[in-house]
Amino acid sequence: MKGISSVLATILQDRTSRSKLHSLLRLVGVLAVLVVVFSVLFHFLMAWEGRQHSWITGFYWTLTVMTTLGFGDITFHGDPGRLFSIIVMITGVVYLLVLLPFTFIEFFYAPWMRAQAAARAPRELPEDTRQHVILTAYDPVTATLIPMLEHYDHPYVVLCPTLAEALELADRDLSVAVGDLDDPETYRKLRLPQASMLVTTRTDAVNTNVTFTAHQLAEHVPIVASADSAVARDVLELAGATLVLRLEAMMGQALARRVSIRDSDAHVIGRLEDLMIAEASAAGTSLVGLRLVESQIRARTGVSVIGTWEQGALVLAPPDLLITDRTIFVLAGTPAQIQAFNAAFTTQAKDQPKVVIIGGGRVGQATYHALKQDGICTIVLIEKSADRVKDIPDAIIGDAMDMAVLKQASARDATTLIITTHDDDMNVALTIFFRRLRSSWQILTRATHDRNVATLLRAGADLVLSYAAMGANTLLNVLRGSDHLLLAEGVNVFPAEIPPSMAGRTLRDLHLRSETGCSIIAVEGGGERVVNPPADHSLPDKGRIFLVGTIQAEERFLRKFKPQQKTSRKRMK
């Protein structure tokens, strides 16, 4: 009954629906009057023919004739009665078989269905809604973010400007709401002052309007907005954005950082207070040819080797790992420990690598400028549209699959190819083409949609960075706070209260890495923090540990040791 009443309330709130409902009721009233009039006339004509019937029989005859059932048990014998029967029957056909059904569908059934649909996409959230995330768009970034929010029990709602868009997302079992993006009342109804974060990833102009409108209503709520240019970033910051995402620039820097045959300095990819996560190539160092247990990296520098990159995924490094010139370490340590690693193992590349960048869009240009700033390689950029790369005079204009263009770019001498187009289908085709052309090239590519990462790896890419995952991880870091760090490459740094089953035990006794895939990189207790504690370090009875691993490794740790956690928040419906 509650559902029916809410749907009726929605119908009655709409002026057009109310008018149509009144018209339907008037039509039903006219039909009732006709039935009564025909029943009265039925009695007069039957009396004229010398027959008497009850009033119930009169209504029975009228309805059977109007509905064209025509049982034939009661009929007129004279022509006047038969003419009257024809009139009743034609009236019934027009009203009951044509006019009333179509009017019912148009004036009641259709509004009823629209009202039911509108109930699935509310314009207002319950007053007790708190700690939720408001998303203003459903795009590759937010589509990747939503499963992460559900995984960590963060409620969310996707704000849609139209009912059609909201219903399409509701059919995918997403939490949605409807409202104008530039209306302060929309954000009041979505309980913005009680929200954890607002994320707007539409166009620069829309993002600016949303940011300014929301900031005026709730200055304390973090607002994260995307921007396509440096100018848009500045405007969004003036409008009140807490963080402005330039994902193209982030992607370009990440791709540039992965070019091989460069110096073996550890490059920081994440920071959590005094704890750094870095990556370093073993190419050209004395580590090549050694087993990890023989390298003495921990003893000589203090850093922890979390794992290595294998096709863009973090893989735990076993003690007997054979280090090759293609090995890329993922390290954790303090700034001093990272510097010690660089001092112990840094070598400069003897031959300057050559990089060919395919695609001169925002990501391609960001990659070009990042490599140019490093000055570690020769760079060639290939782009079809000359207008797009007006600021890069040495860019080569043409199709990257054209052998003449590749010859002009001296691609034969290249060590690395970076594919940066925003079209995943095109990136797959380019990856297959270049991998078949030469197996020795290091091929780096981006994926707009997270679902295409595996396809690109199968096509022959050495590394695929997901645009969607990079943005979603950045947003989740903002939401979870300074004690958490989730990197685009899948490294997850997270804190946990020391559970009773671990208190007083040494790290060596826990076998944490082999059983869960996590490594303890810091221990807090008694007001002190120990970074990269030794294997014989005993955990205090009370305190926190900081662990690093994949999201799956975090799940295994939580299942096995069950540390105290904050009360989870249920997903909104």
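This report covers the sheet, salt bridges, a surface patch and backbone details of a predicted model.

## Basis

The model is predicted: local features need pLDDT of at least 70, side-chain atom pairs count only at pLDDT 80 or more, and totals for chains, interfaces and linings use all residues. Residues are numbered from 1 along each chain as its sequence is written, and side-chain values use heavy atoms, with hydrogens and water left out.

## Sheet

An open sheet is formed by 6 strands in the order S3-S2-S1-S4-S5-S6, with parallel pairing. Its edge strands, S3 and strand S6 (243-245), each pair on one side only. From one strand to the next the twist averages 20°. Strands (E, at least two residues) and helices (H or I, at least four) are DSSP runs numbered from the N terminus; two strands pair if DSSP finds at least two bridges between them.

Within the sheet, strand S4 (residues 197-200) and strand S5 (residues 223-226) pair in the parallel sense over 3 bridges. Val199 stands opposite Val224 in S5. Helix H8 (residues 204-217) packs on the sheet and touches S4 and S5, contact meaning heavy atoms within 4.5 Å. The direction of H8 makes about 170° with that of S5. Axes are lines fitted to C-alpha atoms, for helices over the stretch in contact, and angles run from 0 to 180 degrees between N-to-C directions.

## Salt bridges

Side chains of opposite charge can pair when their charged atoms come close. With a salt bridge defined as a side-chain nitrogen of Lys or Arg within 4 Å of a carboxyl oxygen of Asp or Glu, the count comes to 13. One of them joins Glu124 to Arg191, with the closest N and O atoms 2.7 Å apart. Glu124 lies in the loop between H4 and strand S1 (133-135) and Arg191 in the loop between helix H7 (184-189) and S4, so this pair ties together parts that are 67 residues apart in sequence. Arg191 is buried, at a relative accessible area of 14%, while Glu124 is partly exposed at 43%. Here buried means under 20% relative accessible area, exposed over 50%, and partly exposed in between (1.4 Å probe, protein chains only).

Arg188 and Glu185 also meet in a salt bridge (3.4 Å, N to O). Both lie in helix H7, 3 residues apart, about one turn of the helix. Arg188 is partly exposed, with a relative accessible area of 41%, and Glu185 is partly exposed at 34%. Elsewhere, salt bridges that share partners join Asp228, Glu248 and Arg362 into one network.

## Nonpolar surface patch

Leu83, Ile86, Ile87, Met89, Ile90, Val93, Val94, Leu97, Val98, Leu99 and Phe102 make a nonpolar surface patch of about 970 Å². Patches are made of residues with over 30% relative accessible area and no salt bridge; like charges are joined within 9 Å, nonpolar side chains (Val, Leu, Ile, Met, Phe, Trp, Tyr) within 5 Å. Areas come from the Shrake-Rupley method with a 1.4 Å probe, and for residues only the protein chains shown count as cover. Leu99 is in helix H4 (residues 79-120) and is partly exposed, with a relative accessible area of 35%.

## Positive phi

Most residues other than glycine have a negative phi. Asp173 has a positive phi near 65°; Asp173 sits in the loop between helix H6 (163-170) and strand S3 (176-178). Gln296, with phi near 60°, is in the loop between helix H11 (292-295) and helix H12 (297-301). Asp173 is partly exposed at 47% relative accessible area, and Gln296 is partly exposed at 41%.
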